[in-house]
Amino acid sequence: SVLPVRIDGVWYDLSDYRAAHPGGKWLLDYSYGKDVTAIFKSIHLFAKEETQSKLDKLPIIDLDSPILAKPNVFTADLVPPTTGREIDTPFQADLRAMLTRRFASREEFKAPVDHWVRIGLAAAATAYCWQGWYHGDVALTAALPFVHWILAAHTCHEATHSTLSTNEHVNYWLQFTAHPIMFNVFVWIPQHLISHHQYTNDPNLDVDVHHFAPALLSQEQPPLDPDANRGWTFAWKGMLTSLGTCILQPMRTLLDSTTPNFDENITPIPHGVSKATLALSMAPSFFVLTYPLFAFLPSDPALAAFLEVWPWVGMSMIWTAMTQTSHIQQQCQRIPGMADTDWNAGQVETSLDYSTASPFWTAVTGGLNTQSLHHVLPNVCMSHFPDMYREYEEICAKHGVNVRQSANLATATVSMYDFIFRINEPKSKNSQ
């Protein structure tokens with residue numbers, strides 16, 4: 001069968017190339033029927049000519065042929081991500097030159113040895129905390145969300161961009177470290193790559209802007225509830241996000257239901273993933289959700305409540321603080337300027353960085369503290385970012401690209417909440 005993918009306005013059939021794709025056939029399956037121009041060019045920046053040569057040899061689909069999937073996960077409109085903006089720009093050329101100076105091959109910008117050591121330690125600690133949770137240990141359960149976050153931050157996010165390893169099977173299976181309490185990979189990864197990484201902070205195309213609806217996360221959004229400050233909706237949803245990403249979002253696909261506040265399911269699973277596969281992937285999450293009720297509720301209701309609630313709430317608060325601070329900021333809103341013509345500049349100027357020279361905070365946040373660098377060079381493992389960041393800043397300054405920064409995670413979190421509550425201020429109060 002045909003595997004249609006659009007790049008630079010041309011529909012290609014990737015079905016015959018699927019098994020040979022170095023990043024894994026699963027990433028091509030996730031791209032079925034989508035426009036992937038921006039993510040294709042940024043992921044393959046290092047070997048740009050080689051990749052283009054391979055693309056030129058692939059069969060082109062007749063424009064009159066029916067394309068059965070949406071171009072991205074949020075909108076049904078066939079809008080390319082580069083409308084009015086260029087990707088192959090002098091700014092990106094300098095970013096590529098930095099890559100080729102620093103790394104002799106694609107293997108060199110994958111995860112280094114120290115990254116794998118941290119993965120091993122985090123995996124052991126996570127397994128130890130999960131067995132503690134299973135046996136009702138309060139201290140180990142309290143630590144569980146934190147150590148599981150470190151494991152997942154070093155693995156699943158990197159794996160989705162193929163930055164862990166050149167082995168596609170390693171990247172594929174290590175996605176699932178996000179299970180059972182961070183997110184379901186079949187729901188999250190397609191929207192992350194195809195929607196968020198291409199259309200960052202565009203409320204018409206970036207599904208991430210809508211996960212906390214009716215709370216507004218962009219100043220371009222019209223209010224869904226003009227009479228209440230939905231900043232509080234963001235606050236309480238921020239403590240339950242992992243229940244949404246692990247249970248509610250995949251359940252909507254299983255039940256063929258729509259997302260609240262929308263007329264469609266804005267987080268569907270990708271082509272090629274069956275409902276049976278999705279249901280199987282949810283099994284660990286359902287176990288975490290139900291096990292404390294059967295094992296501990298009859299004998300110790302308070303302990304059962306803690307084991308039931310804390311893993312989800314703890315991970316949700318960490319997830320919200322680490323991920324939403326990177327883009328939901330006043331200074332990261334889309335404004336007229338260079339970002340209107342240069343897609344790469346848009347990625348930088350809609351992202352927030354902090355503690356950029358710190359290997360410690362890079363490890364703790366999974367590289368989310370250098371989010372703008374990750375968005376323009378998503379093919380590089382985050383462990384390389386602290387060493388690269390100063391040169392990256394100099395390239396941005398050379399091209400007049402404004403790097404958005406905050407002092408640390410605490411200041412970034414405070415400014416995020418200030419922005420959210422301000423744009424969600426009821427109209428009636430603003431008019432007084």
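This is a predicted model: local features need pLDDT of at least 70, side-chain atom pairs count only at pLDDT 80 or more; totals for chains, interfaces and linings use all residues.
Figure 1. The peptide bond leading from Ala213 into Pro214 is cis, and its omega is near 10°. The loop between α8 and α9 also holds Asn201. Asn201 has a positive phi, near 65°, although this residue is not a glycine. Most residues other than glycine have a negative phi, and most peptide bonds are trans.

**Figure 2. The cis peptide bond between His179 and Pro180.** His179 and Pro180 are joined by a cis peptide bond with an omega of about 5°. Pro180 has its place in the loop that links α7 (168-174) with α8 (185-196).

**Figure 3. The open sheet of β2, β1 and β3.** Three strands make up this open sheet, arranged in the order β2-β1-β3, and their pairing is mixed. Because β2 (10-13) and β3 (34-35) stand at the edges with a single partner strand each, one side of each is left without a neighbour in the sheet. Strands of a sheet pair through backbone hydrogen bonds, either parallel or antiparallel.

Figure 4. Strand β1 (residues 4-7) runs antiparallel to β2, and four bridges join the two. Pro4 stands opposite Asp13 of β2, while Ile7 has Val10 of β2 as its bridge partner. Two residues lie between the strands of this hairpin, in which Asp8 takes a positive phi near 55°.

**Figure 5. The packing of helix α5 against helix α11.** Helix α5 (residues 113-134) and helix α11 (residues 275-295) have axes that come within 11 Å and cross at roughly 35°. On the α5 side the contact is made by Trp130, Trp133 and Tyr134, and on the α11 side by Phe287, Val288, Tyr291 and Pro292. By class, the residues of the contact of α5 with α11 comprise seven nonpolar, no polar and no charged.

**Figure 6. The packing of helix α5 against helix α6.** The axes of α5 and α6 are 8 Å apart, and the two helices pack at an angle of about 145°. The crossing of α5 and α6 is left-handed. In the contact of α5 with α6, 14 residues are nonpolar, eight are polar and two are charged.

Figure 7. Rolling a probe the size of a water molecule over the atoms shows where empty space is left. The count comes to one cavity of 30 Å³ or more. The volume of the largest cavity is about 30 Å³. Its lining consists of His157, Glu158, Gly366, Gly367, Leu368, Gln371, His374, Met382 and Phe385. The elements that contribute two or more residues to this lining are α6 (138-160) and α15 (371-376). By class, three residues of the lining are nonpolar, five are polar and one is charged.

Notes:
Residues are numbered from 1 along each chain as its sequence is written. Side-chain values use heavy atoms; hydrogens and water are left out. On a 1 Å grid over the protein atoms alone, a cavity is a set of points where a 1.4 Å probe fits but cannot get out, and a pocket is an open set with protein on both sides within 12 Å along at least five of seven lines; lining residues have an atom within 4 Å of a point. Grid points are joined across faces, edges and corners, and a volume is the space filled by probe spheres set on the points. Ala, Val, Leu, Ile, Met, Phe, Trp, Tyr, Cys and Pro count as nonpolar, Asp, Glu, Lys and Arg as charged, and the others, Gly among them, as polar. Axes are lines fitted to C-alpha atoms, for helices over the stretch in contact, and angles run from 0 to 180 degrees between N-to-C directions. Contact means heavy atoms within 4.5 Å. Two strands pair if DSSP finds at least two bridges between them. A crossing is left-handed if the near helix is turned anticlockwise from the far one by less than a right angle, and right-handed if clockwise.
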